[in-house]
Amino acid sequence: MNRVILMGRLTRDPEIRYSQNDQSMAIARYTLAVDRRGRRDGNDGQQTADFISCTAFRQQAEFAEKYLRKGMKIAVVGRIQTGSYTNRDGQRVYTTDVIVDEHEFCESRAASEQNAANFAPANNGNSRPSPDNAVGDGFMNIPDGIDEELPFN
């Protein structure tokens with residue numbers, strides 16, 4: 001059985017490409033920083049992480065393009081796939097990727113946006129509501145007229 005479940009933060013926005021055949025297919029690639037359990041000696045007590053390459057296809061890739069951003073904490077379910085290619089120098093390069101079957105958000109939108117702000121400069125042209133609009137239960141009030149931005153109908 002080849003099944004992988006990971007939880008971590010996106011190191012950058014997903015890179016999206018579309019295949020160039022008759023039926024164009026979306027392909028998303030991104031790296032997930034997954035914290036290791038425990039601490040290693042000689043590491044000054046700092047947490048270490050593994051950086052896992054992830055690839056999503058079709059609807060999962062379109063989801064990644066639309067909703068996933070650098071710094072977001074997500075869970076990924078998929079499978080490990082290995083491969084190899086010959087680089088320009090004629091050397092064999094081996095790869096290991098997680099092929100994503102499912103994505104899942106692991107924190108609130110407000111927490112995600114706050115964490116993303118720690119990774120990148122603020123986007124002053126952002127048209128989305130700010131986390132300051134959150135009600136007591138931690139969810140934001142959604143203004144009228146943005147139904148097209150919701151991940152569900």
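Phe105 comes out as partly exposed, at 39% relative accessible area; the label covers the range between buried (under 20%) and exposed (over 50%), with a 1.4 Å probe and protein chains only. The model is a predicted one, so local features need pLDDT of at least 70 and side-chain atom pairs count only at pLDDT 80 or more, while totals for chains, interfaces and linings use all residues. Residues are numbered from 1 along each chain as its sequence is written, and side-chain values use heavy atoms, with hydrogens and water left out.

Searching the whole structure turns up two aromatic pairs. Here, rings of Phe, Tyr and Trp (its six-membered ring) pair if their centres lie within 6.5 Å, and planes under 30 degrees apart are stacked, over 60 edge-to-face, and the rest tilted. Phe63 and Tyr67 make a tilted pair because their planes sit at 45°, with ring centres 5.1 Å apart. Both belong to helix 1 (residues 58–67), four residues apart, so about one helical turn separates them; helices (H or I, at least four residues) and strands (E, at least two) are DSSP runs numbered from the N terminus. Tyr67 is buried at 13% relative accessibility, whereas Phe63 is partly exposed at 23%.

Phe63 also pairs with Phe105, again tilted, at 5.7 Å centre to centre and 45° between the planes. This pair ties together distant parts of the chain, with Phe63 in helix 1 and Phe105 in strand 6 (residues 92–105), 42 residues apart. Put together, the ring pairs join Phe63, Tyr67 and Phe105 into a cluster.
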